[in-house]
Amino acid sequence: MTTRVISGKTVQVNEEGFLLSPDEWTKEIAIEIAKEEGIPELTPQHWKVIEWCRQNAVNGRSPTLRQITAGTGISTKEMFALFPKGPAKKVAHIAGLGKPEGCV
Amino acid sequence: MKKLLILGAGTAGTMVANRLSRMLEDGEWKITVVDQSETHYYQPGFLFIPFGIYKKHDVVKPRRDFIPPGVELIISPVEMIETERNRVRLAKDGRYLDYDFLVIATGAHIRPDQTPGMAEHEWRRSIHDFYTLEGALALARYLRTWPGGRLVVNVVDNPIKCPVAPLEFLMLADWFFRERGMRDRVELIYATPLSGAFTKPIASKLLSGLLEEKGIQVVPDFMIERVEPDAKKIISYDEQEVAYDLLVSVPLNMGDEVVARSGLGDVLNYVPVDKHTFVSPTYPNVFALGDAAAVPTSKAGSVAHFAVECFAENFVHYTDGLEMPHKFDGHANCFIESGFGKGLLIDFNYDVEPLPGRYPLPGVGPFTLLEESEANHWGKLLFRWMYWHLLLKGKELPLPALMSMAGKQRLN
């Protein structure tokens, strides 16, 4: 477990840089992590997804891509355009939630 | 007389019937189980069929053999669950069954129809599955004469039943083709929507070398959009392409359609319930157990077994108006076949990821956790006997329902 400073705030992160506590998340942190993930600007569509995921997280774990598309009405194709390469994982990272995992 | 109705006589439903028929007072309860077919499948055994290790007769038995005396078994599809009226409508004769308490254990099924191009003219020709008996048998026939080429295993999306089965399939395939002297003519590729074959930090560290040693390539972050069955390639939503000669798909898994029809499901037709007690947040007399439940644990027989143990004791208290004494912890315990007569064991729960160490088991253990051993392979094969003779019948096994840290090594 390590800590790092993101946009002036010290937060706990895991080895891959995912926030350990969703409560430490701020919008400024989201903007900063999005840049690191190759998304220079978060548009209203991005925020819609991020906010929906935070509202529908169970135990700090982000919803699956299928849940996100059903819940927000944003198509899978569009999700890949908004969050290229692994949208479920990217959204989780930016929204300060746990990444989608298997059992091992 | 109070009525308990159980929908589904698979692993979870059968165990519930057996446990509760012993635990509930005779004469006070009437237990009824409904299933749409007569045959009980030992689903963990399907994995071995394509490689000729198990035959059909190893994995099927009549459901009735496992339903205890005094419990009624009705064979019929279920048309509708009417939770507002505490009754279920059967397809057979349009009959209604009333209940005081309902257990939904209707499982999860593969849905190749949900991926364009999959369930068309190449289905069960160059595109196969091993999550159904028919699929596993068809694949066994196909592999007997397959000349080699690119074998791609693709998981469409999670959650799936037995999440380690795709990896086991690949490791068994490596062994199978080596034994047949044709491994040099086979490429093994694993295309997964997750960020890697292993996603938990400790398992990744300890196991990632295993696939490399066996020459299994991983294509991560591959979210399949469609199959092009004539061009023999799978295409992801972000236009990555993976070509195959033989596609072994783990199609989208979904809960039963009756759950959707009855308005009780989430986006994948799983029933949302409390992850510790399995009671519905909307209907206090409705529970969902096994693969049918939308809980963040693995969809696996071992989980159903541990969950039913907690549930059964809770149910006896709950129906007497008492507080439920147990909180299920998401405990799972799975043998992972790694080929060449070896296997691994993982044991974990909602909060503790798979850890290395030893898993103690009186008489036969200990088994090695997150590490290959021959004992684990024998454990997996022995498990089939335990499943038919002890587990389904709800007999006591020397396995704790809640996860124990005994023998586990904490890293970090």
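Is B:Cys162 buried or exposed, and how many C-beta neighbours does it have inside 10 Å? I come back to this in point 5, after a walk through the rest of this predicted model.

1. Overall build of chain B. Chain B holds 8 helices and 26 strands. Its radius of gyration is 21 Å, close to the 22 Å that the globule rule gives for 412 residues, so chain B is as compact as a globular protein of that length. The C-alpha trace spans about 65 × 50 × 40 Å along its principal axes.

2. Burial and contacts in chain B. Of the 412 residues, 48% count as buried. Looking at contacts with a separation of 6 or more, 65% come from residues 24 or more positions apart.

3. Domains of chain B. The domain assignment gives domain 1 as 2–109 + 254–319, domain 2 as 111–252 and domain 3 as 333–391. Do look at how domain 1 is written in two segments, 2–109 and 254–319. The centres of domain 1 and domain 3 of chain B, taken over C-alpha atoms, are separated by 26 Å. Where these two meet, domain 1 of chain B contributes 9 residues and domain 3 of chain B contributes 7 residues. The domain 1 side of that contact has 3 nonpolar, 4 polar and 2 charged residues.

4. Contact between the chains. In this model 22 residues of chain A touch 24 residues of chain B. On the chain A side, the elements that give two or more residues are helix 3 (65–72) and helix 4 (76–82) of chain A. Helix 3 of chain A gives the most, with 4 residues. By class, the chain A side divides into 8 nonpolar, 6 polar and 8 charged residues.

5. The loop between strand 12 and helix 4 of chain B. Two backbone features are worth a look here. B:Pro159 lies in the loop that runs between strand 12 (149–155) and helix 4 (165–179) of chain B, and the peptide bond from B:Asn158 to B:Pro159 is cis, with omega near 5°. B:Cys162 has its place in the loop between strand 12 and helix 4 of chain B as well, and has a positive phi of about 45° although it is not a glycine. To return to the opening question, B:Cys162 counts as buried because it has 23 C-beta neighbours inside 10 Å, where 20 or more is the cut-off.

6. Another positive phi. B:Asn269 is also a residue other than glycine with a positive phi, near 65°. Its place is in the loop between helix 6 (257–261) and strand 20 (271–272) of chain B. B:Asn269 counts as buried, because 23 C-beta neighbours lie inside 10 Å.

7. The two sides of helix 3 of chain B. In helix 3 (residues 133–145) of chain B, B:Gly135, B:Ala136, B:Leu139 and B:Ala140 are buried. Seen down the helix axis, the buried residues fall within an arc of 140°, so they line one face of helix 3 of chain B. That buried set packs against strand 11 (127–128) and strand 18 (246–250) of chain B. On the other side of the helix, B:Glu134, B:Arg141, B:Arg144 and B:Thr145 are exposed.

Note on methods
Residues numbered from 1 in each chain as written. Chains lettered and ligands numbered in written order. Predicted model: local features only at pLDDT ≥ 70, side-chain atom pairs only at ≥ 80, totals over all residues. Domains from an automatic or database assignment. Nonpolar A, V, L, I, M, F, W, Y, C, P; charged D, E, K, R; others polar. Buried ≥ 20, exposed ≤ 12 C-beta atoms within 10 Å, placed from the backbone. Rg over C-alpha atoms; globule rule 2.2 N^0.38 Å. Arc of directions from axis to C-beta.
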